[in-house]
Amino acid sequence: MLESVGSLTGSPWIYAVVALSVLLDVFLPVLPSGVLVITAATAAAAGSTATVAGAAGQVQREVPSLLVLLLCAATASVLGDLVAYRLARRGGARFDRAIARSPRLTRAQERLGAALSRGGGALVVIARFAPAGRSVVSLGAGASRRRVREFLPWSALAGVAWAGYSVGLGYFGGQWLGASWVGAAVSVLALFAAGWLAAYVMRRPAPAA
């Protein structure tokens, strides 16, 4: 069972760890925030409580609440996006020069600006699933001085979509494949597959106006 990976998933601290990881991975994309969300959700698939053998005998250990886990992940995602957006927006000429030196950030900034100007921000949602895509889009939105009311709704939708997808993968993977490392591993692979697809879409040239 998944509880063998450690006691963290049976502690309220799992929510703080997940939230902090999701908040910071806009700056440190190597953080395994998606893996943490999936692992916690897979633990939830074991049931509302789990029995653990300890020195004092059998004890009941709570497993994560799916709703609280989803809210923590989605809220932290939006807050992280806004922090990156604000830093880039207020970065001044030095940050603008750093953006200009990065072809990837420059392309993302141009595409995002065009998408938001047309009233559509699907790129923000797609980027949330791509490796480092969230960082590129959030920094690009701030550096291009987009208005927060143009960016925030799409960031919120992206956060909810990503958190819901990750929690759903972990939970249903655990239900169908068992709340074990096998279920978690298959769910993580599905998350990586979505990331690869999102990265492919982001790399495609923007359609002509």
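User: Which residues make the nonpolar surface patch of about 690 Å²?

Analyst: In this predicted model, the patch is made by Phe172, Trp176, Leu177, Trp181, Val182 and Val186. Two elements, α8 (148-177) and α9 (181-203), each give two or more residues to this nonpolar patch.

User: Is Trp176 buried or exposed, and in which helix is Trp176 found?

Analyst: Trp176 is found in helix α8, and because its relative accessibility is 69%, above the 50% cut-off, Trp176 counts as exposed.

User: How is a pair of aromatic rings described?

Analyst: Such a pair is described by the distance of the centres together with the angle of the planes. Applied here, the rule gives a count of 5 aromatic pairs, among them Tyr85 and Phe151, which are stacked, with 5.3 Å centre to centre and 10° between the planes. Since Tyr85 lies in helix α3 (residues 66-89) and Phe151 in helix α8, this pair ties together parts that are 66 residues apart in sequence. Both Tyr85 and Phe151 are buried.

User: Why is the pair of Tyr171 and Phe172 edge-to-face?

Analyst: The ring centres of Tyr171 and Phe172 are 5.4 Å apart and the planes stand at 80°, so the pair is edge-to-face, the cut-off for that class being over 60 degrees. Tyr171, at 23% relative accessibility, counts as partly exposed, and Phe172, with a relative accessible area of 41%, is partly exposed. Ring pairs also link Tyr171, Phe172 and Trp176 into a cluster.

User: Where does the charged end of Arg128 sit?

Analyst: The charged end of Arg128 sits over the ring of Trp162, at 4.0 Å from the centre of that ring.

How values were computed: Residues numbered from 1 in each chain as written. Predicted model: local features only at pLDDT ≥ 70, side-chain atom pairs only at ≥ 80, totals over all residues. Heavy atoms only, no water. Patch = residues over 30% accessible without salt bridge, like charges linked within 9 Å, V, L, I, M, F, W, Y side chains within 5 Å. Areas by Shrake-Rupley, 256 points an atom, 1.4 Å probe, with all protein chains shown as cover. Salt bridge = Lys/Arg side-chain N within 4 Å of Asp/Glu carboxyl O. Helix = DSSP H or I, 4+ residues; strand = E, 2+ residues; numbered from the N terminus. Buried < 20%, exposed > 50% of the residue type's maximum accessible area, 1.4 Å probe, protein only. Phe/Tyr/Trp six-rings, centres within 6.5 Å; stacked < 30°, edge-to-face > 60°. Lys NZ or Arg CZ within 6 Å of the ring centre and 35° of its normal.
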